[in-house]
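Here are my notes on this one, as numbered points. Have the viewer open while you go through them.

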Amino acid sequence: MALLEVKDLQTTFFTDDGAVRAVDGVSFSVEAGQVVGIVGESGCGKSVTMLSIMRLLSARHSATTGMASFDGEDLLSIPNKKMREIRGKQISKIFQDPMTSLNPVYRIGVQIVEALRLHDKAISRVAAFDRAEQMLAAVGIPSPRERLRSYPHELSGGMRQRVMIAMALINDPKVLIADEPTTALDVTTQAQILELIRKLRNEFSSAVVFITHDLGVVAELCDEVVVMYAGKVVESAPVDEIFENPQHPYTWGLLGSLPGRNLGNDRLYSVPGSPPSLLDPPTGCRFMARCAHAMSICETEPPLEILDHSEHAVACHLDPGFRTTQAIAFRSIANRVQEPR
Amino acid sequence: MIRYTIRRLLWGASVILAVTLAVFVLFGPVLQWKSNVEPARIYAGKNAQPEQIERVSKILGLDKPFYEQYGIMIRRLVLGPNQADKERMCPNSTEAECDELIGHLGQSFEKRRSVDKLIFSRLGVTFSLALVGAFIWISISIPVGVLSALRPRSIFDRITVVFILIGQSLPVYYFGLVALYFLAYTNKIFPPGGYMAFQWSEPWPWLSHLLLPGFTLALQFTALYARLVRGGMLDALGEDYVRTARAKGAGETRTVFKHAFRNALLPIVTLFGLDIGLLFGGAILTEATFGLQGIGSLSVDAAYRFDVPTTSGVVLFSAICIVVANIVVDLLLAVVDPRIRLD
């Protein structure tokens, strides 16, 4: 059985304009030690999916149904106390913006040690700080002993993200959720942080759920890919399959809009249109309005949802034979993307 | 930190210097040129003869050019009255008597007493009132603000918002009088006014005289602070680092108080220092309503009677209180908020 298994997850936000189902029937699974990428454009529900699983959304403003089993326990139904024991210990998270994710009034060391001591009451202060120092060294922060006494504002964005990573990994969690950890950083720092995550992934045995909209990162880092669109999973497959045999028109659009393919062209390709409003989602396929291959059935019938993740799965009405011919056209892109950069 | 402290102190001293200049201009040249209330005429009395007024002008040093008067004022403010001052103001008194008659802030026209001593005699009332009031408004507004931020739009929160509105719009003199009527007049729970000095052996008489005025004074502050704490907590609870704390596995109490509250407190500390500084300069309405002889009523009386040295003395004293409170707050903030120390 998978380490983390999500089935038919639905998250609804109660807004002044009505209920918004930001995540609508998402299923996927993460095996121990695996790196799973969740890909999709802004607002497709990839961050909300993981926040729902960790129960970090306000219960007053949202509701989550479905199943998210971790190590045999349903995260959505266990008591709060049990959930707190899992958070930060078994499942930990790195957030998008390191500039705001650390508390400005506490020293780095205090914040890292807090993560440790919340779950290990027996550890002494001195031992905890020694451990925090080791972690800072492991994430490549120079003179870690001194840095423990720094405040967040004294560190750069890249350094702060390293601190966040150290904090997330200090309890050697089984699952690390990285929610666009490089989006707020500049390009050179991005590469360093990705390299660090890749390195640490081998040292710590954590499975990683990597939320991103960057297919290049997916190609470098992930084993499995889940493509999300407007709150639903549209395609999921092992990483090679996504690049060599993409099956969903939205995935084609994502691959087509990678910068590498357009060398020589003036304009970067983008998927036309914008995602549907989730206040009043379309009855049929949610991607229909932007799909170049839409048929009449797409308007009335939603495609079958992806429930089984054992192999390449896609939620689309298109004829499999047609999709395969289209997929061939993208192989060249895959080759280009997967070249070492 | 030491450089920061020194900079704050220098800044405070220059603000006070600027205030002395403003006070001097307003109560010296402006008063003499732009109104018919010449200080010397007030000092000399209603039926004074011109030669008497002239003599008073000499005694008060008002015959000297303005720059010299200002110089004397600053020298006296810093060093106290010198021999020449004493000879002019109290020629036939002993040293101890003379201390009663003139101080750093000069001599009151009305009471013929040192303004220092006058202010000092009122300090107990004013400080007690400010501290009791501050204790009341802090101990009500912070829990109320935090609780309503934790449950926004709940019934408790809505009731709080209504009370905040009422508290902010009720005038002190109205609330004070109604409280006096019901709690001191029809039901004799509290004394109807006045002040008893604090004694360690028996603090109740002191406190009982201050509870009604304290509550009255605290009313508007409670409303304001509750609103600020509520807003600050709502903001802080929405911050990313609060989510980080939860993601680490921190419990709700720890998240709210250790992570959110400390950040929400920063603007409150600033405001509290300023308000306390302001109140040490006297709470005029509350003192008037409850017949408290504090610095507020001193300044009102002095202003009515054109007692120039007392009025300017109280203004200077209030300014010094605010500047000192500001410096204390700045130093305190630097301790609470590490981001401040660097710049």
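What covers the buried residues of α4(A)? I'll take that up in the opening point; keep in mind throughout that this is a predicted model.

1. Let's begin with α4(A). The cover over its buried residues includes α5, α6 (144–147) and α7 (157–169) from chain A, and also α11 (240–248) and α12 (252–280) from chain B. Eight of the ten residues of α4(A) are buried, which leaves the helix mostly covered. The buried set is I108(A), G109(A), Q111(A), I112(A), V113(A), E114(A), A115(A) and L116(A).

2. K121(A) has a relative accessible area of 68%, so it counts as exposed, the cut-off being over 50%.

3. E180(A) has phi near 45 degrees and is not a glycine. You'll find E180(A) in the loop from β7 (175–179) to α8 (187–203) of chain A. With 7% relative accessibility, E180(A) is buried. The other one is R153(B), again not a glycine, with phi of about 70 degrees. R153(B) belongs to the loop between α7 (115–150) and α8 (155–169) of chain B. Its relative accessible area is 60%, so R153(B) is exposed.

4. A quick stop at S77(A), which is in the loop between β5 (73–74) and α2 (80–86) of chain A. The relative accessible area of S77(A) is 55%, which makes it exposed. The C-alpha atoms of S77(A) and M67(A) lie 8.6 Å apart, and the two residues are ten apart along the chain.

5. Now chain B as a whole. DSSP gives it 16 helices and zero strands. Its C-alpha atoms fill a box of roughly 80 × 60 × 45 Å along the principal axes. Of its 343 residues, 46% count as buried. If you take contacts between residues at least 6 apart in sequence, 68% of those in chain B join residues at least 24 apart. The accessible surface of chain B is about 17,900 Å², with 66% of that belonging to carbon and sulfur atoms.

6. The crossing of α14(B) past α15(B) is left-handed. On the α14(B) side the contact uses I295(B), L298(B), S299(B), A302(B) and A303(B), and on the α15(B) side T310(B), T311(B), V314(B) and F317(B).

7. Last, a surface feature. Which residues form the nonpolar patch? They are Y173(B), Y174(B), V178(B), Y181(B), F182(B), Y185(B) and L285(B), which together have about 750 Å² of accessible area. Helix α9 (residues 172–186) of chain B supplies the largest share, six residues. Y173(B), in helix α9 of chain B, is partly exposed because its relative accessible area is 45%. As for spacing, an α-helix has 3.6 residues a turn, so residues three or four places apart point the same way.

Definitions and conventions: Residues numbered from 1 in each chain as written. Chains lettered and ligands numbered in written order. Predicted model: local features only at pLDDT ≥ 70, side-chain atom pairs only at ≥ 80, totals over all residues. Heavy atoms only, no water. Patch = residues over 30% accessible without salt bridge, like charges linked within 9 Å, V, L, I, M, F, W, Y side chains within 5 Å. Areas by Shrake-Rupley, 256 points an atom, 1.4 Å probe, with all protein chains shown as cover. Salt bridge = Lys/Arg side-chain N within 4 Å of Asp/Glu carboxyl O. Helix = DSSP H or I, 4+ residues; strand = E, 2+ residues; numbered from the N terminus. Buried < 20%, exposed > 50% of the residue type's maximum accessible area, 1.4 Å probe, protein only. Left-handed = near helix turned anticlockwise from the far one by under 90°. Contact = heavy atoms within 4.5 Å.
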